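Dear colleague,

Please find below the structure that I am handing over to you, together with its sequence. My notes on what was found follow directly after it.

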Amino acid sequence: MATIDPRLFYEQALVGNGITHAFGVPDSCLKGLLSYLYATKNVPEHIVTASEGAAVALAAGYYLSTGKLAVAYMQNSGLANSLNPLQSLAAKEVFGIPLLLIVGWRGRPGEHDEPEHVLAGPITPSTLALNGFPHEVMPSTLPELVETIARLSRVAKEGNTPVALVVPNHRFGPYVPDKTPTDGTDGAINGNANVITSKKYRGPLRAEEWRSAEGELPLSREYAIRAVLKQLYEKDVTVSSVGGNSREIYMVRKENGKDLSQNFLSIGAMGHTYPLAYGVQIGHSKGRVVCIEGDGSFLMHVSNVAVLAAHAPPSLIHVVIHNQIHCSTGNQPIPISTENLLSLAGSLPYKQKFFVDTSEGLIQACEWAQESTLIVVVVNQSVKNTLPRPTEHPFELRDIYMSSFA
Ligand SMILES: Cc1ncc(C[n+]2csc(CCOP(=O)(O)OP(=O)(O)O)c2C)c(N)n1
């Protein structure tokens, strides 16, 4: 069978259909296409993520600020890794965010493959079908493929849904790169950490010290969120994680009589808030994007932060609210000590890092944030007994948020 030239696929099938950005985790079925992307595209046109869920979240965020489809590519083994943000964020039943999955098809029936693909291979199309994601198998000629991508893009946009191109092995021909492949980043790693502490808070504490501070923390999560929202300029937007912090943002906006055009409340996709915010900032040049995330969510897929923060732009600020619990599900402790959480955060490649536990420290950190920034806010565990939940349909929340980028 003749193979498809990856460059022609990118130029004619993707760019020809208005798709210029691709995010994902490599797969051998996509080898030729990936060689082309590695050799010719840089961040943010091509971003290699630590997990497939982050690729979906990036594509979703990119859509919110640009109204354009992006590719999230993966091996079919990684489809399972991406299902949570697909099902609880992008699905037509939730926010209805169109994007194009390109899924390498290992373990295809009739082809000999490794044992780990024996279960997932044959059920790849039915997994997509079961989730209601329209999909097509990659055809073998370029004109057909251009048509297929046009059709899938149309279905994605008209149906507000993720769609998928399933790619059997050996369909892409080789691409011989004319420069050494990179990791897809601009090489910026681990700038100088700028760690400040408030008067009371002394930076990464030992566990014994931390215990003695328990109960004395002045800030609540709600107060921290109010303080961050007050620091926003007119063109700044937020992306917040599942659970109580999004509900507190909702509460504050409603009591101030404001609409939610500045705030994307990510009611699903736990752990994918930072890639989502990163995707939003790709299409947002007029202001900052502030990602407000609980510590449980942050911890869930922190490897994606470890990759993305290295090349995050100055306009992306990550605020992690450390209350030491999964507050939204009944206050279960998060399975990491503050000492270890701060050590972990301290090792991540943001250019500036602030650890604070007072409102003065938090406000100062927001003012000082000039580059890719992390602010860990250590808060107490007091919350209101009842927090409102958005009554608007997610489509309404999506559309009002997207209106702020018009
Ligand atoms: C993938 C996934 N796993 C689990 C949940 C259930 N869940 C909803 S909110 C939440 C806790 C989030 O904790 P954190 O991010 O620390 O925020 P907090 O509730 O403390 O404000 C959990 C576990 C979920 N929504 N999605």
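**Asn 76 and its surroundings**

Apart from neighbours within four places in sequence, Asn 76 is in contact (heavy atoms within 4.5 Å) with Val 103, Gly 104, Trp 105, Arg 106, Ala 120, Gly 121 and Thr 124. This is a predicted model, in which local features need pLDDT of at least 70 and side-chain atom pairs count only at pLDDT 80 or more, while totals for chains, interfaces and linings use all residues. Residues are numbered from 1 along each chain as its sequence is written, and side-chain values use heavy atoms, with hydrogens and water left out.

Asn 76 sits in the loop that runs between strand 3 (71-75) and helix 4 (79-90). Helices (H or I, at least four residues) and strands (E, at least two) are DSSP runs numbered from the N terminus. Asn 76 counts as buried because its relative accessibility is 5%; buried means under 20% relative accessible area, exposed over 50%, and partly exposed in between, with a 1.4 Å probe and protein chains only.

**Helix packing**

Two packed helices are described by the angle between their axes and the distance between the axes. Here the axes are lines fitted to C-alpha atoms, for helices over the stretch in contact, and angles run from 0 to 180 degrees between N-to-C directions.

Helix 3 (residues 52-66) packs with helix 4 at an angle of about 30°, and their axes are 6 Å apart. Glu 52, Gly 53, Val 56 and Ala 60 from helix 3 make this contact with Asn 81, Ser 82, Pro 85, Leu 86 and Leu 89 from helix 4. By class, 5 nonpolar, 3 polar and 1 charged residues take part in the contact of helix 3 with helix 4. In this classification Ala, Val, Leu, Ile, Met, Phe, Trp, Tyr, Cys and Pro count as nonpolar, Asp, Glu, Lys and Arg as charged, and the others, Gly among them, as polar.

For helix 1 and helix 6, the packing angle is about 45° and the axes are 9 Å apart. Helix 1 is therefore oblique to helix 6; angles under 35 degrees count as roughly parallel, over 145 as roughly antiparallel, 65 to 115 as roughly perpendicular and the rest as oblique. The crossing of helix 1 past helix 6 is right-handed, a crossing being right-handed if the near helix is turned clockwise from the far one by less than a right angle, and left-handed if anticlockwise. On the side of helix 1, Leu 8, Phe 9, Gln 12, Ala 13 and Leu 14 meet Leu 142, Leu 145, Val 146 and Ile 149 of helix 6. By class, this contact of helix 1 with helix 6 has 8 nonpolar residues, 1 polar and no charged residues.

Which residues does Leu 8 touch, leaving aside its neighbours within four places in sequence? Leu 8, which is found in helix 1 (residues 6-14), is in contact with Ala 13 and Leu 142. Leu 8 counts as partly exposed because its relative accessibility is 25%.

Helix 8 (residues 221-230) and helix 9 (residues 244-255) pack with an angle of about 55° and axes 10 Å apart. Helix 8 is therefore oblique to helix 9. The contact of helix 8 with helix 9 has 5 nonpolar, 2 polar and 6 charged residues by class.

Arg 253 belongs to helix 9. With 4% relative accessibility, Arg 253 counts as buried. Its contacts beyond four places in sequence are Leu 229, Leu 232, Lys 258, Asp 259, Leu 260, Gln 262 and Asn 263.

**Backbone features**

Val 43 and Pro 44 are joined by a cis peptide bond, with omega about 5°. Pro 44 is located in the loop between helix 2 (31-40) and strand 2 (46-48).

Asn 160, in the loop between helix 6 (142-159) and strand 6 (162-168), has phi near 45°, a positive value in a residue other than glycine. Ala 269 also has a positive phi, near 55°. Ala 269 lies in the loop between strand 8 (263-265) and helix 10 (273-282), and is buried, with a relative accessible area of 2%.

With kind regards
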